[in-house]
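Me: I would like to go through the charged pairs and one of the helices in this structure. Could we take them in turn?

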Amino acid sequence: MNSRELADRVQRDAAMALFREGRLSSGLAAQWLGMPRVHFLLMAMAAGAELLEDTEEDFRRETALL
């Protein structure tokens, strides 16, 4: 692994950790990593991140965008 690959890995892991902690939105994480939001969300799901907790608040927040 060269230094660029390591830097990319650290940035990706940091974005994922901050997203999982709820300290970084998926949109901002995707922007930070230079990828579309849907790609970040797919990557997060593959890594085991929980995108919604199925609470009333989550439902209201997600449907407010419709």
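Predicted model: local features only at pLDDT ≥ 70, side-chain atom pairs only at ≥ 80, totals over all residues.

Me: Which residue forms a salt bridge with Arg4?
Reply: Asp8 does, and the closest N and O atoms of the pair are 2.5 Å apart.

Me: Where do Asp8 and Arg4 lie?
Reply: Both belong to helix α1, which covers residues 3-20. They are 4 residues apart, about one turn of the helix. As a general point, an α-helix has 3.6 residues a turn, so residues three or four places apart point the same way.

Me: And how accessible is Asp8?
Reply: Asp8 has 32% relative accessibility and therefore counts as partly exposed.

Me: How many salt bridges are there by this rule?
Reply: The count comes to 5 salt bridges. Among them is the one between Glu21 and Arg23, with the closest N and O atoms 3.1 Å apart.

Me: Are Glu21 and Arg23 buried or exposed?
Reply: Glu21 and Arg23 are both exposed.

Me: What about Glu56, which residue does it pair with?
Reply: Glu56 forms a salt bridge with Arg60, and their closest N and O atoms are 3.8 Å apart. The two are 4 residues apart in helix α4 (residues 56-63), so about one helical turn separates them. Glu56 is exposed, at a relative accessible area of 56%, whereas Arg60 is partly exposed, at 47%.

Me: Which residues are joined into one network with Glu56?
Reply: Glu57 and Arg60 are joined with Glu56 into one network, through salt bridges that share partners.

Me: Changing topic to α2: which of its residues are buried?
Reply: Helix α2 spans residues 26-33, and its buried residues are Ser26, Ala29, Ala30 and Leu33.

Me: How are those buried residues arranged, seen down the axis of α2?
Reply: The buried residues of α2 fall within an arc of 100 degrees, so they line one face of the helix.

Me: What covers them?
Reply: The cover over the buried residues of α2 includes α1 and α3, the latter being residues 37-46. Helix α1 is also where Asp8 and Arg4 lie.

Me: Last one: which residue follows α2, and what is its phi?
Reply: Gly34 follows α2, and its phi is positive, near 70 degrees.

Conventions
Residues numbered from 1 in each chain as written. Heavy atoms only, no water. Salt bridge = Lys/Arg side-chain N within 4 Å of Asp/Glu carboxyl O. Buried < 20%, exposed > 50% of the residue type's maximum accessible area, 1.4 Å probe, protein only. Arc of directions from axis to C-beta. Contact = heavy atoms within 4.5 Å.
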